[in-house]
Amino acid sequence: MGTSITKIKLSNGLSVSLQEIHNAPLVSNWLWYRVGSKDEVTGLTGASHWTEHMQFKGTPKYPSAVLDRVISRTGGYWNAFTFLDWTTYLETMPADKIDLALQLEADRMRNSMFDPEEVESERTVIISERQGSENEPLFKLGEEVQAATYRVHPYHHSIIGDMADLETISRDDLYNHYRTYYVPDNAVLSIAGDFKTEDILSRIQELFETIPSGDVRPRLNRAEPPQPGEKSLTVEGPGETTFVQAAYQAPAGGNPDFFPCIVLDSLLTGPSSLNMFGGGISNKTSRLYRALVDNELAVSVSGGLPATKDPFMYTIVLTVHPQKSAQDVTAVLEDEIKRLQDEPPPEEEVARAMKQARALFAYGSESISNQAFWMGYTEMFATYDWFEGYLDKLAEVTPEDVQQMAQTYLRPQNRVLGVYIPTGFNQVHS
């Protein structure tokens, strides 16, 4: 088991969270920056994701050609992710090699080069990534639903960015984005594993404390006004499958309503994983699965409730059965939601939904990498107390709470309903 967590803030503002876990000779190192697609203005959408790519293109000390080789030679794993509210970099390494990860992250916090040729090469890669996504029905539908849900708030645009911006963003645009946000006082370093706190903290101070703090600009604070009524849209594209996506404006991760919404999600569609390394749990006992998949109206049902800094979306995605229509599944979706709004679910059903949500949370909290993940991730939308209180908060949720969340958030006036209509063959759409 892990020991208690040591939290410290360096003189330059870098937040550090450390947890010793001595059950395997591994250390997982995560460096989180409070910058994501929500920080991008028109003309610079996609800059955070592109900057993440450029962090793998090298510094004078660690040229790009040697970076992968250096990590893989040690038996380590590294990666990075860009989200709405944050960008994170991770290395999980043999314990005796973790100093390399610390050196790399301290170096590229300050010294990434953004070579113009590399920027242009990566432009091609990211445009290709965007074009590939555009061939995916659920990307096309999801992007349109997200844009319709957020007219004012910068959650409006997708993380990869708009094609118009990917074609025109300059090297200096990216470098300025990097220099603005990649500073110690905008970052959280979270490390878990087989180390001695005193030793690793001394090394962190040695490597990071000389990096000057920055003048971090205030984050965009454009609150989305209440939706004036239900919005609906259709997207046409290749394929042979009809999809329905219902998106409801949902509470932020730090809002007390988030916990009963977790139980509501688990009950309706099966539990959503909050962790990128979480395991899967069957959703066959969920209400929408039983109502739609068991009755051959839909092929699959899924839900998504990410924990975000600002209020985001609770999404329900339905894959329509080939012999059925979007209207068929939407009618059942609305019936099931109305049933929840009209009467609290039975105690035993809430208990089962809660148990499944707890199990998924446990699966996504076991490993050393997951422990380090949670220490940093929760700081992006709340604090680590959120993680530590998760199970207790979940246990407090009552059937009446679930009913109230359905009444508050799952109203038609709070919904964007999107339908993907395939042009591949004549499917029922009436």
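Two strands are said to pair if DSSP finds at least two bridges between them. With that definition in mind, I would like to present two parts of this structure, which is a predicted model.

I begin with strand S3, which covers residues 26-33. Is this strand mostly covered or mostly open? It is mostly covered, as seven of its eight residues are buried.

Strand S3 has two partners that I wish to discuss. With strand S5, residues 87-94, S3 pairs in the antiparallel sense, and eight bridges connect them. Within this pairing, Trp-32 has Thr-88 of S5 as its bridge partner. The other partner is strand S6, residues 187-193, which also runs antiparallel to S3 and is joined to it by seven bridges. Here Tyr-33 is found opposite Ala-187 of S6.

I now turn to a pair of helices. Helix H11 spans residues 326-342, and helix H16 spans residues 399-409. At what angle do they pack? The angle is about 125 degrees, and their axes lie 7 Å apart. The crossing of the two helices is left-handed.

Which residues make the contact? From H11 they are Leu-340, Gln-341 and Asp-342, and from H16 they are Val-402, Gln-403, Ala-406 and Gln-407.

To close, I return to the two topics: strand S3 pairs with S5 and with S6, while helix H11 packs against H16.

Key:
Residues numbered from 1 in each chain as written. Predicted model: local features only at pLDDT ≥ 70, side-chain atom pairs only at ≥ 80, totals over all residues. Heavy atoms only, no water. Buried < 20%, exposed > 50% of the residue type's maximum accessible area, 1.4 Å probe, protein only. Helix = DSSP H or I, 4+ residues; strand = E, 2+ residues; numbered from the N terminus. Axes fitted to C-alpha atoms, helices over the stretch in contact; angles between N-to-C directions. Left-handed = near helix turned anticlockwise from the far one by under 90°. Contact = heavy atoms within 4.5 Å.
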